[in-house]
Amino acid sequence: MTDERLEAGATAPAFTLKDQDSNDVSLSDFSGENVIVYFYPAAMTPGCTTEACDFRDNLNSLKSAGYQVIGISKDAPAKNKEFQEHDGLNFPLLSDEDLTVHRAYGAYGEKMLYGKPVTGVLRSTFVVNPDGSVRLPLYNVKATGHVASLRKKLGIDA
């Protein structure tokens, strides 16, 4: 396991993962586009639902500003499908059950939970440029208010 984090300007690690419908989705599918890749700990939990619904509610304005959104978790495709249907999520939810992609992005490691160090998924967001470089790496983000903060950092008017 690595605690190495991606820096702005680094090449975003390539991936191909199964979406909620068990179709392969690759980062390269979005080549030439701005992509927001966010890692969430677990489908259908309160914080992850808050964050996903925030992305859902802002998707049209993000898309009109030129950004695609992809969510990644360690959940199986069927769980992500349930999450998508339950909350009307309108973007791909990808399954990284063996945490390979999480680790490549530095989105898995030690964090504090109720004052104790634990190892797990770090709620993280990466903005990937059209050329595949990381524009904005954000680690340990808060679920509530994250999309508004991200929009501000990207200069997208709320």
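User: Over the face of which ring does Arg 5 lie, and at what distance from the ring centre?

Analyst: Arg 5 lies over the face of Tyr 139, at 4.4 Å from the ring centre. A charge is placed over a ring if NZ of Lys or CZ of Arg is within 6 Å of the ring centre and within 35 degrees of the ring normal; the 4.4 Å of Arg 5 is therefore inside the distance limit. The model is predicted, so local features need pLDDT of at least 70 and side-chain atom pairs pLDDT 80 or more, while totals for chains, interfaces and linings use all residues. Residues are numbered from 1 along each chain as its sequence is written, and side-chain values use heavy atoms, with hydrogens and water left out.

User: How many helices and strands does the protein chain have, and what makes the chain count as compact?

Analyst: The chain holds four helices and nine strands, which are DSSP runs numbered from the N terminus (helices H or I, at least four residues; strands E, at least two). In order from the N terminus, the elements run β-β-β-α-β-α-β-α-β-β-β-β-α. The radius of gyration is 14 Å, close to the 15 Å given by the globule rule for 158 residues, so the chain is as compact as a globular protein of that length. The radius is taken over C-alpha atoms, and the rule is 2.2 Å times the number of residues to the power 0.38. Along the principal axes, the C-alpha atoms fill a box of roughly 40 × 35 × 30 Å.

User: Why is the pair of Phe 15 and Tyr 105 called edge-to-face, rather than stacked or tilted?

Analyst: The whole structure contains 10 aromatic pairs. In the pair of Phe 15 and Tyr 105, the ring centres are 6.2 Å apart and the planes stand at 65°, so the pair is edge-to-face. Because Phe 15 lies in the segment before strand E1 (16-18) and Tyr 105 in the loop between helix H3 (100-104) and strand E6 (108-113), the pair ties together parts that are 90 residues apart in sequence. The rule pairs rings of Phe, Tyr and Trp (its six-membered ring) with centres within 6.5 Å, and calls planes under 30 degrees apart stacked, over 60 edge-to-face and the rest tilted.

User: Which residues do ring pairs link into a cluster with Phe 15, and is Phe 15 buried or exposed?

Analyst: Ring pairs join Phe 15, Phe 39, Tyr 105, Phe 126 and Tyr 139 into a cluster. Phe 15 and Tyr 105 are both buried. Buried means under 20% relative accessible area, exposed over 50% and partly exposed in between (1.4 Å probe, protein chains only). Buried residues make up 51% of the 158 residues in the chain.

User: How do you know that Val 101, Arg 151 and Val 25 are buried or exposed?

Analyst: Val 101, in helix H3, has 7% relative accessibility and so counts as buried. Arg 151, in helix H4, is buried because its relative accessible area is 5%. Val 25, in strand E2 (residues 24-26), is likewise buried, at 9%.

User: What is the volume of the largest pocket, and which residues line it?

Analyst: The volume of the largest pocket is about 280 Å³. Its lining consists of Pro 41, Lys 111, Met 112, Leu 113, Val 121, Leu 122, Arg 123, Asn 140, Val 141 and Lys 142. The largest share of that lining, three residues, comes from E6. By class, the lining has six nonpolar, one polar and three charged residues.

User: Why does Asn 90 count as partly exposed, and how far apart are Asn 90 and Ala 10?

Analyst: Asn 90 lies in the loop between helix H2 (77-87) and strand E5 (93-95), and its 36% relative accessibility makes it partly exposed. Asn 90 and Ala 10 are 80 residues apart in sequence and 28 Å apart in space, C-alpha to C-alpha.

Technical notes
1 Å grid on protein atoms, 1.4 Å probe; cavity = no way out; pocket = protein on both sides within 12 Å on 5 of 7 lines; lining within 4 Å. Points joined across faces, edges and corners; volume = space filled by probe spheres on them. Nonpolar A, V, L, I, M, F, W, Y, C, P; charged D, E, K, R; others polar.
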